[in-house]
Amino acid sequence: MSKVHHVAVIVGSLRKASINRKLALALAELAPPSLKLEIVEIGDLPLYNEDIDVSPPPAAYTAFREKLKDADAVLFVTPEYNRSVPAPLKNAIDVGSRPYGQSAYSGKPAAVVSASPGAIGGFGANHHLRQSLVFLDMPVLQQPESYLGGAGNFFDESGKPNDSIKGFLQKFIDTFARWVETNAKP
Ligand code: FNR
């Protein structure tokens, strides 16, 4: 088997019953053996402030940056808040991108999944996030686009994805696995 690639999964919602967290966990289960997904928590990162990002930076910043650096790729799974990315996710982007010139995101292959109970599936958040990923120099998977609308109906009571979404998730994660294999740094 080819190398196993480690994927840091960043979930844009902090709430326990988050649909996006369930999606991230479902993707981790469906991932092929060549891809290992692990959620990297962002809820305890202090709001980014250059005044505190000095030597030594907050321990939570350092731990987060190290987890990102250890990963071969990054998968973002996020809701949309007011047609953009939730603040904790933007904060995680900012924290991981510093110190200047030492971004933990740089060059890592990535993908974005957005999900909402609404019809548009988080399209606005998905594309606002992509704008940052261009600047962070991350090769981002283009297809299949993953704006998952009606996401309140994706899971059964045990949190397992039902047939309305499972096929798509499998296709997505298999495609992402190939994307990571092609674009990950050796
Ligand atoms: C929302 N929600 C939302 N939904 C949407 O499709 N577009 C939007 O712009 C917004 N804006 C928004 C702002 C704020 C502050 C909240 C709290 C919620 C609804 C959102 O999609 C819904 O709560 C999801 O269930 C959130 O995702 P998780 O937490 O289930 O992963």
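Reader: Which residues of α2 are buried?
Author: The model is predicted; local features need pLDDT of at least 70, side-chain atom pairs count only at pLDDT 80 or more, and totals for chains, interfaces and linings use all residues. Residues are numbered from 1 along each chain as its sequence is written, and side-chain values use heavy atoms, with hydrogens and water left out. Buried means under 20% relative accessible area, exposed over 50%, partly exposed in between (1.4 Å probe, protein chains only). In α2 the buried residues are Tyr61, Phe64, Arg65 and Leu68.

Reader: Within what arc do the buried residues of α2 fall?
Author: Take the directions from the helix axis to the C-beta atoms; these define the arc. Seen down the axis of α2, the buried residues line one face of the helix, because they fall within an arc of 100°.

Reader: Which exposed residues does the face of α2 turned away from its buried side carry?
Author: The buried side packs against β1, β3 and α3 (87-96), where contact means heavy atoms within 4.5 Å. Helices (H or I, at least four residues) and strands (E, at least two) are DSSP runs, numbered from the N terminus. The face turned away carries Ala59 and Asp70.

Reader: Which residue meets Arg65 in a salt bridge?
Author: A salt bridge is a side-chain nitrogen of Lys or Arg within 4 Å of a carboxyl oxygen of Asp or Glu. Here the N to O distance is 2.8 Å. Arg65 is in helix α2 and its partner in the loop between β2 (35-39) and α2, so the pair ties together parts that are 12 residues apart in sequence. Both partners are buried. The residue is Asp53.

Reader: How many residues apart are Asp72 and Lys3?
Author: Their side chains meet in a salt bridge at 3.6 Å, N to O. Asp72 sits in the loop between α2 (59-70) and β3 (73-78), and Lys3 in the segment before β1 (5-11). Asp72 is buried at 15%; Lys3 is partly exposed at 44%. The pair links distant parts of the chain, and the separation is 69 residues.

Reader: Is Arg83 buried or exposed?
Author: Arg83 forms a salt bridge with Glu80, the closest N and O atoms being 2.7 Å apart. Glu80 is buried, at 17% relative accessibility. Arg83 has a relative accessible area of 52%, so the residue counts as exposed.
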